[in-house]
Amino acid sequence: MATPKIGLALGGGGARGMSHIPVLEALDDLGIRPHAIVGTSIGAVFGAAFAAGKTSKEIRTIASATFADRNAVLSRIWQLRPKKFQELFSGNTVQFDPLKVLEVFVGEHLPKTFEDLEIPLTVLATDFYGCEEIDISSGALLPAIAASAAIPAVFRPVKLYDRIMVDGGVTNPLPFDRLPPDCDLIIAVDVVGKPIPRIGRQTPTTMDAIFGTSQILMQSITYEKLKTRQPDILLRPEHDNIRVLDFMKTDQIIAKAEPLRDQAITALTKLIKR
């Protein structure tokens, strides 16, 4: 019996995207390489690493090591700060260049172009002025991922292909509908989460309100899409108080998402047998 063509869709959700790792481990456990991968925002980062031939074990090791040393992380962030004083008062809340962030944190682990990948990959970004989703599957890899991950409250928009791009989650936070039609089975991993109150606070902080509102909007987009089309397997980590920028909690996030590994193995094995 021929092995089915598996399509893998990895959604956006900031630090909660570390929950993608146990799902990648499930695929490796079963000896399955996806036929195609699509990713939004943090899902584009992990999708690129897996498509490049990194094993899930290697990806876990890289993610854990990258955020193991708080001082090292802060040192990298300090290097990425705006160099000109006036940039802090330019009327923008965005302070970091997402391309430079990717170059500093993951650049050494990813190839230069989509064409260098072992598995076809599509990343999703949003044309800010065109108000539409943009699918990118060729050319330079890091700039495309930077566009896909340009969360408005954190990163500067990215100019790419004569368009101003922001986070792909604005238009398609769970892009399983962008996998090629010849996929036999589709796995979608939704890591958006939802707003969770902070202990001791009755109202959200300003940043919690900004990110929480984005979560609500992305949840709404996915909910409406699921009314008309469903992936064969939909995986979600439990809702918790992990915030969009809680990357220093990487090991904790992965540990809490461990049940997704068994869920994916069980569901995939059942569908393949069927």
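Which residues in α5 meet which residues in α6? First, the ground rules. This is a predicted model: local features need pLDDT of at least 70, side-chain atom pairs count only at pLDDT 80 or more, and totals for chains, interfaces and linings use all residues. Residues are numbered from 1 along each chain as its sequence is written, and side-chain values use heavy atoms, without hydrogens and water.

Now the answer. Pro98, Leu99, Leu102 and Glu103 of α5 meet Leu142, Pro143, Ile145 and Ala146 of α6. Contact here means heavy atoms within 4.5 Å. Seven of these residues are nonpolar, none polar and one charged. Nonpolar covers Ala, Val, Leu, Ile, Met, Phe, Trp, Tyr, Cys and Pro; charged covers Asp, Glu, Lys and Arg; the others, Gly among them, are polar.

Next, the geometry. α5 spans residues 98-105, α6 spans 141-148, and they pack at about 120° with axes 8 Å apart. That makes α5 oblique to α6. Oblique is what remains after under 35 degrees (roughly parallel), over 145 (roughly antiparallel) and 65 to 115 (roughly perpendicular).

On to α2, residues 42-51. Ten of its ten residues are buried, so α2 is largely enclosed by the rest of the structure. Buried means under 20% relative accessible area, with a 1.4 Å probe and protein chains only. Among them are Phe46 and Phe50. Gly53 follows α2, with a positive phi near 105°.

Last, Glu133, in strand β4, residues 132-136. One goes to the Asn172 side chain, at 3.0 Å. Another, at 2.6 Å, goes to the side chain of Arg178.

Terms used: Axes are lines fitted to C-alpha atoms, for helices over the stretch in contact, and angles run from 0 to 180 degrees between N-to-C directions. Helices (H or I, at least four residues) and strands (E, at least two) are DSSP runs, numbered from the N terminus. Buried means under 20% relative accessible area, exposed over 50%, partly exposed in between (1.4 Å probe, protein chains only). A polar contact is a pair of N or O atoms within 3.5 Å; within protein, one must be able to donate a hydrogen and the other to accept it, and residues adjacent in sequence count only if both atoms are side-chain atoms.
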